[in-house]
Amino acid sequence: MSEFKLTTVEEFEQATSRLLETGAKVGADAWQLRVKKQSPHCKFGEEGACCRICTMGPCRITPKAPRGICGCDVHGIVGRNFLRFTAGGAATHSDHGREICHTLYASAADGNYKVKDPEKLIRIAKEWGIETEGRDIYDLAHEVAETGLMEYGKPFGTQRFLKRAPQHTQEIWEREEVAPHAIDREVSRAMHMTHMGCSSKAEALIRQSLRSGLSDGWGGSMMGTEFSDVLFGTPKPVDTEANLGVMKEDEVNIIVHGHDPSLSEMICEYADDPEMIAYAKEMGAKGINVAGVCCTSNEVAMRRGIPMAGNFLQQENVVLTGACEAIVVDVQCIFPALGPLSKCFHTKFVTTSPIAQMPDSEFIRFDAKTAGENAKAIVKMAVENFRNRKPELVHIPNMKQNATVGYSVEAIIKTLDGVTNSQVDETGTLMPLWQCVASGVIRGAVAMVGCNNPKVRPDTAHIELMKKLIANDVIIVASGCSAQAAARAGLMDKRARELCGAGLKRVCELADIPPVLHMGSCVDISRMMILVSELAKIGNVNISQLPVVGCAPEWMSEKAVSIGNYVVATGIDTFLGVEPYVSGSSEVTELLTNGVRDWVEAAYTVEKDIDKLGDAMLARIEEKRAALGV
Amino acid sequence: MTLFERVFGGNDAVYGLTEGAIDAAIAQHGEEKAVSFPNTAYALPCYYAVTGTKVTNLKELKEALGVVKTLMTRENKLNDVFMSGVATALCAEFIEAIKYIDGAQPYEEPCYGHLSDAVIRELGVPLVTGDIPGVAVILGSAPTAQEGVDLVKSYQAQGILVTLVGGIIDQCQELGYKTGANVRVIPLGKDVTSVIHVVSVAVRAGLIFGNLTPGDAGALMAYTKDRVPAFVNAFAPIDDVIVACGAGAIALGFPVITNDDNDVPPIPKSLIIQKDVSKFNATSLEARDIKIKITNIDIPVAFASAFEGEIIRRG
């Protein structure tokens with residue numbers, strides 16, 4: 001076995017520089033250049049003190065003009081902007097979840113989509129009080145899907161999945177009036193509240209931000225995750241590889257990018273089709289290689305071990321290798337820049353969703369009924385495009401790392417069963433994890449999530465924080481682009497246990513896990529909510545008492561804010577490495593970093609110095625331990 | 001009190017005792033007085049294996065205690081707890097070594113105290129080849145003498161080497177249960193510090209058979225974890241000193257099974273609470289991943305390789 005070594009951010013950057021040289025040769029634009037052109041950013045926007053919700057404005061708040069034309073002060077403006085930001089994120093995740101519900105509704109024994117995990121479907125059906133006895137699995141799937149779809153617009157009641165939280169958490173949600181009603185209603189309520197002449201009280205706006213966030217985490221995202229598992233299988237540990245080196249010079253490279261696994265799963269399915277592989281060989285390639293970018297990559301990596309080419313700020317690099325036959329996208333976090341960029345190469349930029357249409361792309365409308373033929377057409381198009389490659393432009397950075405991924409809550413529990421003692425312990429619970437935490441062998445856990453953001457040197461915050469935390473016996477669960485950064489660096493290689501403190505190292509050895517556990521895509525942060533809920537229940541403590549924090553060190557999107565809000569509202573302190581647009585209002589800042597603690601027992605900490613951010617998380621974890629007396 | 005605090009507390013207590021013992025010995029014998037265990041080429045074997053230094057007299061022992069003190073870091077991390085456990089073990093070795101000054105024979109029948117290199121060479125080969133599938137270290141007093149003896153016998157019948165520390169020795173005597181190296185049941189001593197003599201066996205096995213470099217503590221811990229299939233059975237009540245010793249055992253890769261659930265948080269695969277002493281055997285073997293295939297021969301006496309050295313006396 002060769003010596004294990006992490007890939008450094010410097011090495012990432014060298015690879016990127018080399019790719020940008022190719023870009024310069026063909027006259028391609030790149031985010032690095034666009035950042036320069038956009039800097040410095042507008043101060044009013046950064047502070048959240050600019051309002052454009054009616055045509056009396058735009059208004060901006062300065063010491064000389066402390067109110068907008070309607071009389072709204074800076075706290076109202078910042079609060080409204082923050083709430084709209086949240087609503088955008090919640091809508092995005094939730095629509096993803098809704099699409100999955102529709103896919104489940106379209107599942108059929110002889111259809112494109114089948115139920116791969118009937119056990120999980122039955123479990124959810126029972127949870128929701130749906131009759132399961134003696135029923136055809138597809139009848140059941142359709143009823144569960146329909147019930148799920150009703151969660152988006154039901155006129156009465158709150159979200160069904162809230163019942164999964166510990167009693168104490170449910171009581172908080174009720175007491176504080178943040179228990180989300182129908183998902184779409186919370187988004188439209190947010191839009192209503194932020195209309196000119198509605199809410200301008202910071203407290204009300206932030207409360208709705210939490211509620212809207214919760215409708216995502218415990219509503220849309222959770223359904224997205226659960227039904228994806230039902231349709232495509234619940235993830236279990238699987239070995240894969242990460243970083244640009246997973247692309248293959250002698251094969252047709254298809255990159256799946258976006259979020260919804262309905263598309264990527266089908267592409268993977270057809271890329272494995274012997275007919276397609278034979279066709280690829282006819283075209284002079286050795287085979288078909290599918291790799292992923294962003295959350296769709298996480299989805300197929302978790303379930304199929306499909307390699308991960310890169311995270312958010314790598315998406316242009318994938319094309320810059322000159323070896324990408326097709327980059328197939330659906331929704332969310334897709335740079336519109338990919339259109340013009342792909343035109344500089346032979347790459348086909350294929351958009352598939354009416355939700356995300358972009359200029360300079362080939363639009364192949366993808367839907368559940370025609371998924372098979374759509375996917376086949378896309379794969380075929382990519383294969384045929386292999387011939388158009390310009391060999392002189394091909395350069396794939398020779399860097400990749402091994403990763404073990406697939407740690408769903410179910411898989412984590414199964415893994416923990418392996419360290420139980422049959423004479424003493426029950427299996428099928430998180431008890432071993434709780435024992436490791438309670439005894440102090442593991443000091444705590446950090447959920448590392450979120451995006452890349454050019455405001456932070458890409459991936460450094462993710463990787464440096466993880467290294468620091470694991471060295472301090474803190475286990476990491478990761479998702480989204482944070483998970484991808486870890487995988488690319490090598491932190492999901494089981495050998496990375498050598499970088500851990502003695503406690504975490506021992507745990508990794510005994511359980512045979514890497515120190516950073518990949519829990520999936522951004523909707524899969526709902527898995528983390530279930531994990532902490534179960535951990536709190538088994539430890540007989542409140543979620544807010546657990547030595548657990550969340551961290552989004554390089555966050556960028558509205559989705560990240562929605563996630564942050566539901567994580568905080570679930571009782572988990574959340575640490576941000578990029579400032580949200582709220583500094584203009586002392587009231588909103590105070591609420592988010594302190595005041596909401598009185599409501600939901602957790603709050604935000606914002607710290608741009610990554611080292612200090614890590615120290616603050618470790619300190620919070622130790623504070624929680626001390627309070628618990630463990 | 002957290003488990004880590006208990007380990008640190010136990011370690012501090014043992015350190016205090018050790019310091020007192022060394023100072024008293026120096027006052028009595030002077031600094032130049034030779035310190036050694038009988039019949040070993042490894043000086044104080046544990047200290048030698050961990051640091052690579054051979055202690056020969058009281059002056060050096062006092063210096064060694066200073067080195068041990070540096071292991072006693074007090075952060076709330078498992079590494080610190082492990083090192084505290086190792087420090088506790090080394091202190092125990094020092095206390096035991098002082099007992100042997102001037103060729104004294106501090107242990108008498110049925111206790112063995114320090115075991116010679118010859119015994120280790122004899123036991124070491126079957127240990128690393130798996131003929132002895134495990135080493136049980138039984139500490140304290142079982143709830144009843146019968147339960148204690150039944151446990152000893154159950155291990156013995158599986159060919160496991162059993163070492164005894166504390167009250168369990170009296171319990172065996174009380175019921176007239178035969179002990180001795182020849183039947184692979186070795187009473188070490190009544191003081192908890194005498195547990196070091198079995199640690200010394202594991203450590204010397206590493207030095208003799210594992211070709212470990214003295215001073216390479218990391219390799220030593222890896223060797224014992226991978227190659228020496230030992231485990232500890234500690235009977236309630238366990239005090240902080242035993243908890244600190246337990247941390248040392250866990251650091252070497254040896255799980256601790258106890259029936260004391262008072263202020264002892266369980267740790268998977270490492271510190272296991274088993275209230276039912278009759279299940280100690282099965283729990284321990286599973287915890288240490290010791291798999292023994294037993295063909296039960298239905299005969300009216302116990303049957304195992306452990307009884308091969310048994311001597312039948314007249315009468």
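Predicted model: local features only at pLDDT ≥ 70, side-chain atom pairs only at ≥ 80, totals over all residues.
Close-up 1. With a relative accessibility of 5%, A:Trp555 counts as buried, since buried means under 20% relative accessible area. A:Trp555 forms an edge-to-face aromatic pair with A:Phe85, in which the ring centres lie 6.3 Å apart and the planes stand at 85° to each other. This pair joins distant parts of the chain, for A:Phe85 belongs to helix 4 (residues 74-105) of chain A, while A:Trp555 lies in the loop between strand 14 (548-552) and helix 22 (558-569) of chain A, 470 residues apart. Ring pairs link A:Phe85 and A:Trp555 with A:Tyr581 into a cluster.

**Close-up 2. The ring pair of B:Tyr100 and B:Tyr107.** The planes of these two rings meet at 35° and their centres are 6.3 Å apart, so the pair is tilted. Both B:Tyr100 and B:Tyr107 are buried.

**Close-up 3. Helix 1 (residues 9-26) of chain A.** The buried residues of helix 1 of chain A are A:Val9, A:Phe12, A:Ala15, A:Thr16, A:Leu19, A:Thr22 and A:Gly23. Seen down the helix axis, these buried residues fall within an arc of 130°, so they line one face of the helix. They pack against helix 2 (31-38), helix 13 (315-320), helix 18 (460-471) and helix 19 (480-489) of chain A, whereas the face turned away from the buried side carries the exposed residues A:Gln14, A:Glu21, A:Ala24 and A:Lys25. Just after the helix, A:Gly27 takes a positive phi of about 75°.

**Close-up 4. Charged ends over aromatic rings in chain A and chain B.** The charged end of A:Arg160 sits over the ring of A:Trp128, 5.4 Å from its centre, and that of B:Lys54 sits over the ring of B:Tyr48, at 5.1 Å from the ring centre.

Notes: Residues numbered from 1 in each chain as written. Chains lettered and ligands numbered in written order. Heavy atoms only, no water. Helix = DSSP H or I, 4+ residues; strand = E, 2+ residues; numbered from the N terminus. Expected span 1.5 Å × (residues − 1). Buried < 20%, exposed > 50% of the residue type's maximum accessible area, 1.4 Å probe, protein only. Arc of directions from axis to C-beta. Contact = heavy atoms within 4.5 Å. Phe/Tyr/Trp six-rings, centres within 6.5 Å; stacked < 30°, edge-to-face > 60°. Lys NZ or Arg CZ within 6 Å of the ring centre and 35° of its normal.
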